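Hi,

Here is the model I promised to pass on.

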Amino acid sequence: MAVRPPGDVLDAVASALRPARRVGVGLRWDDRDKYHFTLQFLGAVHRVGPVVEALAAVAAGRAPFSFRLGGAGAFPKPGRARVLWIGADAGGGELVGLAGAVGAALRPVGHEPDHKVFHPHLTVARLKVPDDVGEVLAAIGPGAVGEAFTVDEVVLYASRLSPQGSTYTALERFPLRGA
């Protein structure tokens, strides 16, 4: 499940990446249509019903919040990166809280949360062979990307892997309704 920024914010991300695309050699850039903040990766799901019920309960108890993208980084580290991302300029704590609530709700239905600390990030590129992406990160810059937007739903996606990359299909949307 994930949070997907609105189209105008995704356009701003694409614009912010243009200078980095000229610098980044060996990077496989994700398409704009694939950008999202993964709250928890589930893997194979054999029974969707309990997942849907758990996510509906989380969304009913969480209020919408403001979020803004900003600050580029890399996993595991810029000097030996495999993943390039844009993080949170504002609202990161709320997204961390939402991911924690999702993880807690899904544990009883058989989906353990990742044991790594959740770091809000929107993956924009990957490398097959780890490399230094310092120049690429400098080209993106540390500032905010796009306008602030309201996170007002969580989306349950199905992903299908192929030689051309992943394809994501929204299965269910859960509006945040808490006070």
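This is a predicted model: local features need pLDDT of at least 70, side-chain atom pairs count only at pLDDT 80 or more; totals for chains, interfaces and linings use all residues.

**Salt bridges**

Asp11 and Arg32 form a salt bridge, with 2.8 Å between the closest N and O atoms (a salt bridge being a side-chain nitrogen of Lys or Arg within 4 Å of a carboxyl oxygen of Asp or Glu). Asp11 sits in helix α1 (residues 7-23) and Arg32 in the loop between β2 and β3, so this pair ties together parts that are 21 residues apart in sequence. (Helices, H or I with at least four residues, and strands, E with at least two, are DSSP runs numbered from the N terminus.)

Residues are numbered from 1 along each chain as its sequence is written, and side-chain values use heavy atoms, with hydrogens and water left out.

Back to that pair. Asp11 counts as partly exposed because its relative accessibility is 41%, and Arg32 counts as partly exposed at 27%. The cut-offs are under 20% relative accessible area for buried, over 50% for exposed, and partly exposed in between, with a 1.4 Å probe and protein chains only.

In total the structure holds 4 salt bridges. One of them joins the side chains of Arg107 and Glu112, at 3.1 Å from N to O. Arg107 is partly exposed at 41% relative accessibility, and so is Glu112, with a relative accessible area of 47%.

Glu153 and Arg173 make another salt bridge, the closest N and O atoms being 2.8 Å apart. Since Glu153 lies in strand β8 and Arg173 in strand β9, the pair ties together parts that are 20 residues apart in sequence. Glu153 counts as partly exposed at 25% relative accessibility, and Arg173 does too at 46%. There is also a network: salt bridges with shared partners join Asp11, Arg32 and Asp33.

**Strand pairing**

β8 (residues 153-162) and β9 (residues 165-175) pair in the antiparallel sense over 10 bridges (two strands pair if DSSP finds at least two bridges between them). A hairpin of 2 residues joins β8 to β9, and Val154 stands opposite Phe174 in β9.

Strand β6 (residues 122-131) pairs with β2 in the antiparallel sense over 3 bridges, and the bridge partner of Leu27 in β6 is Leu127. β6 also pairs with strand β5 (residues 81-90), antiparallel again, over 5 bridges. There, Ile86 has Leu122 as its bridge partner in β6.

Pro76 lies in the loop between β4 (65-75) and β5.

Which residues touch the most other members of the largest nonpolar core? They are Leu84 and Leu98, out of 47 residues in that core. (A nonpolar core is a set of buried Ala, Val, Leu, Ile, Met, Phe, Trp, Tyr and Cys residues joined through side-chain atoms within 4.5 Å.) Leaving aside neighbours within four places in sequence, Leu84 is in contact with residues including Leu27, Trp29, Leu122, Val133 and Ile140; contact means heavy atoms within 4.5 Å.

Leu98 is among the buried residues of α3, together with Gly92, Leu95, Ala99, Ala101, Val102, Gly103 and Leu106. The length of helix α3 (residues 92-106) checks out: at 1.5 Å a residue its 15 residues should span 21 Å, which agrees with the 21 Å between its end C-alpha atoms. The expected span is 1.5 Å times one less than the number of residues.

**A buried charge to look at**

Asp30, in the loop between β2 (27-29) and β3 (37-38), is buried yet has no salt bridge. Its nearest side chain of opposite charge is Arg126, 4.3 Å away (Lys and Arg count as positive, Asp and Glu as negative; His and the chain ends are not counted). Not counting residues up to four places away in sequence, Asp30 touches Arg21, Tyr35, Thr123, Val124, Ala125 and Arg126.

Cheers
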